[in-house]
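Me: I am new to this structure and would like to learn how to read its interfaces. Could you walk me through them?

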Amino acid sequence: MRWLYLDYNATTPIAPSVQEAMLPFLAERYANPSSSHVLGRMCQEALEDARGQVASLLGADRDEIVFTSGGTEANNLAIKGVLLKFAPGGGGHLVISALEHEAVVEPAKFLERWGYDVSIVGCNRQGLIDPAAVAAELRHDTLLVSIMHANNEIGVIQPIAEIARLCHERNVLVHTDAAQSVGKIKTNVDELEVDLLSLTGHKFYAPKGIGALFVRRGVALEPVLHGAGHEGGLRAGTENVPYIAALGRAAVLAGKSLAEAGERLALLRDRLLARLRDEIGPELRVHGELSPRLPNTLSVCLPGIAADDLLARTPELCASTGAACHRHTSAMSPTLAALGVEMEAARGTLRLSLGWYTTEEEIERAAELLLSAWEALR
Amino acid sequence: MPEAQVYLDNQSTTRVDPRVAEAMWPYFTEQYGNAGSTSHAYGAEAREAVAAARASLAAAIGAAPAEIVFTSGATESNNLALRGVAERPRRRGNHIVSVVTEHKAILDPLQRLERRGFEITLLPVAPASSSDVGLIDLDQLAAALRDKTCLVSVMLANNEIGVLQPLREIAEVCRARGVWLHTDATQAVGKLPVNVAELGIDLMSFSAHKMYGPKGIGALYVRRSSPPVRLEPQIDGGGQESGFRSGTLNVPGIVGFATALDLCLAEMAAETTRLRSLRDQLYAGLLKAVPDMLLNGPALDQPHLRLANNLNCTFPHVNGEALLLNMKTIAVSSGSACTSASPEPSHVLLGLGRSLDEARASLRFGLGRFNSPQDIDIAIAAVAQAVHHLRSLTSR
């Protein structure tokens, strides 16, 4: 069976040119970049080139990029890093949103156990967070606000710049989990006005196991991994040079193709939605339809069915019923709950996420498969 | 890379064996699923690959699959072990015992714990002049343990001088006092047989890039039975790895890790003999060229006390950095790669009682799978030439 992959928000294949960039470092360029010999220095240069490429995609400077093992570690470093640095004994305050990924929620829960306060800001039924609502949560001891840039399930893009402006008026640092937006839409740290931004390679055609944290110059953090002083002392551990080179190349590709790929994917996504809506009618709901959204993401609720059953009838189609990191739970995803979606509608919700290799034919085929399964189940 | 340079820095990192790269490749290209995706075949393929690798790695060290926690490498494994135990709300107390010659990835987390109020005891090792060079004293260990000791961490094989600590005896001492034992076995796994059950270890760090696997992947063995070791996770999120370590799994890295260890085990006996003879060739050649050279670490005829591929020597009256700069044809190091950016002399050699000058005049040779007798000849010539050149400059 040829798989029809519409789960790019869970993970992406590695682009051929990214594979090429990685290959030499899995073969003859294998030295430890910390070594002072010629072979080590060559790997050090590759590391710094890649750092520059990632920085360039974000509009940041090279020394503002810290490589990590992925988005989860980057979020842990940002959130724990700020709170543990500025209030080492506990007692600081953190604001997050109700839409955050577990990689933000769980560090926040960790901090709560350690004596920090956490406030959670909600969103409207369209998945948008009101910057004024964030500002209303700020206190004299608030150290950090962490709001995701684009949601992994519904693709809604938050007004990060406005939120950041209000936070900065109160001297509060701002972090954004941009794991889903980097490589899909523009993510310029100066336009977003953020102090910290997390990204992960495997959401934009680089391997799993590599990510980065943008740390604006002057922002101090307590490291999560202690050891020899790699990454400016912020992240110990032998650098994963092949994956870092891959991340750099992926950043270059993303930077080049952002506008064009975004337009193409939005067209394909809208065609898929139109096909579904033509057949199913106005009962078909799109979560966050009226909000700014990622061009590749479609979170639809098909009436009268359970999305699990639907996918069981379409084994060829790879899509997701919630965030991929979720194990089978009967509970509604926190994102849908934050939108005020009813249990019935949550069960019928399917996430279809497109990517660089999605074709028109695949979209037609996906629509056919979904519609015939829906007909059969209804 | 310049083909001319002979790589003798295999304790810093190793080349990915082409067979390992080949095993990883499908997971970069075709089978790219997220092991956390439960609703489709791509996720299932990734999960199966991870499960097979986990079972294989576990079997290789005498553990159960559920006792393997994948991390981004040995540094993370060490952090998870040390701080994971130290930060448990219900622990025995705030005292940790380790050794002066540990890697920075142990010493730095311990220093930070010390700043937070933990008590850290670092055991000394026997001096260079002793026949037990580099080894800890078991009586000293026993005397250091207290009712409030929550963890002992002793490296199995040292990354600079290759000495092997008597882990089984150390484990007995710890077990008698009910104290958990962690070992950083990064330099040992893949080079010698390591069985956690036989050794009686509770926690063990190891990583792929020291055994011809990829960088960016490692594991922590966490004993899960009689009684299970409990840890406070250090990276929180989606709850992967039974909650011990969150983050999307590095599937190609995990597959490469298991393949790398499989190959090491299959070739271990023959490879150890081959490396030992290359090392003896290197030592003999160097000693002939520089008769006042000193050996750092256990005697070469004591295979049970040292790694076969390691040779660390002091060349009196020369500067190690200058020596490195004068050897264009070989890649070696003056100590641990992770600290080579810092000008300080090796804390391991100082721990053996070497003077600052002696420590600075030392080189570490790490021999590996892709080295040949010709490489050794090149290395001997390069060191001899550089030492004589530098000595001729200073004697003028």
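This is a predicted model: local features need pLDDT of at least 70, side-chain atom pairs count only at pLDDT 80 or more; totals for chains, interfaces and linings use all residues.

Me: Which domains does chain A have?

Reply: Domain bounds come from an automatic or database domain assignment. Here, chain A has domain 1 (4-11 + 257-377) and domain 2 (16-253). Their C-alpha centres lie 27 Å apart.

Me: How many residues of domain 1 of chain A are in contact with domain 2 of chain A?

Reply: Contact means heavy atoms within 4.5 Å. In chain A, 34 residues of domain 1 touch 30 residues of domain 2 in this way. Buried area is the accessible area (1.4 Å probe) that two parts lose on being put together, summed over both. For these two domains of chain A that is about 2800 Å², with 55% of it on carbon and sulfur atoms. On the domain 1 side, A:Leu258, A:Leu294 and A:Trp356 lose the most area to domain 2 of chain A, together 22% of what that side buries.

Me: How many salt bridges does the rule find across the interface of domain 1 of chain A and domain 2 of chain A?

Reply: A salt bridge is a side-chain nitrogen of Lys or Arg within 4 Å of a carboxyl oxygen of Asp or Glu. The rule finds one across this domain interface. A:Glu342 and A:Arg125 also have side chains that meet in a salt bridge, at 3.5 Å from N to O.

Me: What about chain A and chain B: how many residues does each give to the contact?

Reply: Chain A gives 69 residues and chain B gives 65 residues. The area buried between the chains is about 5600 Å², and carbon and sulfur atoms give 59% of it. Three salt bridges cross this interface. B:Asp236 and A:Lys80 form a salt bridge through their side chains, at 2.8 Å from N to O.

Me: Which element gives the most to the side of chain A that touches chain B?

Reply: Helices (H or I, at least four residues) and strands (E, at least two) are DSSP runs, numbered from the N terminus. The element is α4(A), with six residues.

Notes: Residues are numbered from 1 along each chain as its sequence is written. Chains are lettered from A and ligands numbered from 1 in the order in which they are written. Side-chain values use heavy atoms; hydrogens and water are left out.
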